[in-house]
Amino acid sequence: MLTSTIFVQPTSFLVPKPQIFPPKSTQFSLPTKICNPKMSNFGGFSVKAQLSGEIEPKTLIEYVGKGGIDVGDDLVVLIDHLQYACKKIAALIASPYNSSLGKFVEGSGNSSGSDRDAPKPLDIVSNEIILSSLQRSGKVAVVASEENDAPVCMTDDGPFVVVMDPLDGSRNIDASIPTGTIFGIYNRLKELDHLPHNEKASLNSLQSGTKLVAAGYVLYSSATIFCATFGSGVHSFTLDRSTGDFILTHPSIQIPPRGQIYSVNDARYFDWPEGLRQYIDTVRQGKGKYPKKYSARYICSLVADFHRTLLYGGVAMNPRDHLRLVYEANPLSFVAEQAGGKGSDGKSRILSIQPIKLHQRLPLFLGSPEDIDELESYKDIQQTVNPGYEV
Ligand SMILES: O=P(O)(O)OC[C@H]1O[C@](O)(COP(=O)(O)O)[C@@H](O)[C@@H]1O
């Protein structure tokens, strides 16, 4: 569902802590021995080793704050509000029929007669949760969401612009398949402040991906993972449900230079161009530059397919004009590059493509640098036949 431009006012700078978690004083420390071995080096910044031999886990907010990489108070406040919203979404997805948030509101224009108590689609609810949290942060001038046809104006002097897909993969949600939130953060372009609201909101949202200050995603799966880059590497944080904190579990993620997995909806094989068919046929048979047969993995949920690719290597792709440059391709390409990988539309680097339209769609290929190079060498890999295919 798409809605038009909305103007909302900030009400508070403080994020209420979720009620479902115990207070901070009950936090525990992860014993060193159960940590990922990489945790002994928290991505280059110091950690407090305790006398007991335990390492105090670093939370997302500690990581971005003054004791960590210090991204600046304004961005810390924004991230705090974003993570709060994503925790609410995670809780909602985990028990979707157990929350008043998921109901149509009488008189909202969304209900009629018998469907008044039907659950609201979770992508719409997720959009509302994030918008309201970002509004309360007071740090966001404009939000461009995949769920709104025009950008949402918030605080005029908010230092940041947020682009987001609030809940990607939601068409699979009834089957409890993983879903995700994708976000990108830009600085507000102050030189546009004199323009009318609609114009400056639109131009702020159409910034080149090379201008991203931060980007990432939240994966809602068996674990809830907040994975982000602030321009110096990629780090992921796992939600500790006993404390409600995102804990740094995977610092300085590096995508393997080459993987052995391709991820694509290959039911479209006969709509693919010759180059893409040849590439897939070649790696399936182990006849590519890497002399082993590739495996196929396709969840049909972009964040989940990308997260696996980031950790295991290989290539995740959607060769048709389906995924959005502003909300999906740019943020994920920034993450991919910061992890040593690549993001391409099959011909060009994603981040170098200047967005022209807010909801602009394009083919997307993300993954290990050697796999993307090999795939691009087949030239003809963008699907043009039946690009608008709907399931
Ligand atoms: O139908 P296809 O081409 O396999 O596309 C699947 C892709 O579409 C998505 O579901 C997003 O589509 P929507 O933006 O329409 O929700 C991704 O999560 C997934 O990777």
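I started with a definition: two strands pair if DSSP finds at least two bridges between them. I also noted that this is a predicted model.

**Entry 1: the sheet.** I looked up a bridge first. The bridge partner of V142 in β2 is C153. I then checked how β1 and β2 are joined. Strand β1 (residues 140–145) runs antiparallel to β2, and 2 bridges join them. Next I traced the strand order. I read β2-β1-β3-β4-β5-β6-β7-β8, an open sheet of 8 strands with mixed pairing. Which are the edge strands? I found β2 (152–153) and β8 (245–250), each of which pairs on one side only.

Entry 2: I went back to β1 and β2. Helix α3 (residues 122–137) packs on the sheet and touches β1, β2, β3 (160–168) and β4 (179–187). I noted an angle of about 155 degrees between the direction of α3 and that of β3. Helix α6 (residues 302–312) also packs on the sheet. I saw that α6 touches β3, β4, β5 (214–220) and β6 (224–229). The direction of α6 makes about 80 degrees with that of β4.

**Entry 3: the ligand.** How many residues surround the ligand? I got 11, and the closest are D168, G169, N265, S301 and L302. I sorted the shell by class: 5 residues are polar, 3 are charged and 3 are nonpolar. Strand β11 (residues 315–324) gives the largest share of the shell, 3 residues. Domain 1 (24–250) and domain 2 (261–376) each supply at least three residues of the shell.

Notes. Residues are numbered from 1 along each chain as its sequence is written. This is a predicted model: local features need pLDDT of at least 70, side-chain atom pairs count only at pLDDT 80 or more; totals for chains, interfaces and linings use all residues. A residue is near a molecule or strand if its C-beta atom, placed from the backbone, lies within 6 Å of it. Helices (H or I, at least four residues) and strands (E, at least two) are DSSP runs, numbered from the N terminus. Ala, Val, Leu, Ile, Met, Phe, Trp, Tyr, Cys and Pro count as nonpolar, Asp, Glu, Lys and Arg as charged, and the others, Gly among them, as polar. Domain bounds come from an automatic or database domain assignment. Two residues are in contact if their C-beta atoms, placed from the backbone, lie within 7 Å. Axes are lines fitted to C-alpha atoms, for helices over the stretch in contact, and angles run from 0 to 180 degrees between N-to-C directions.
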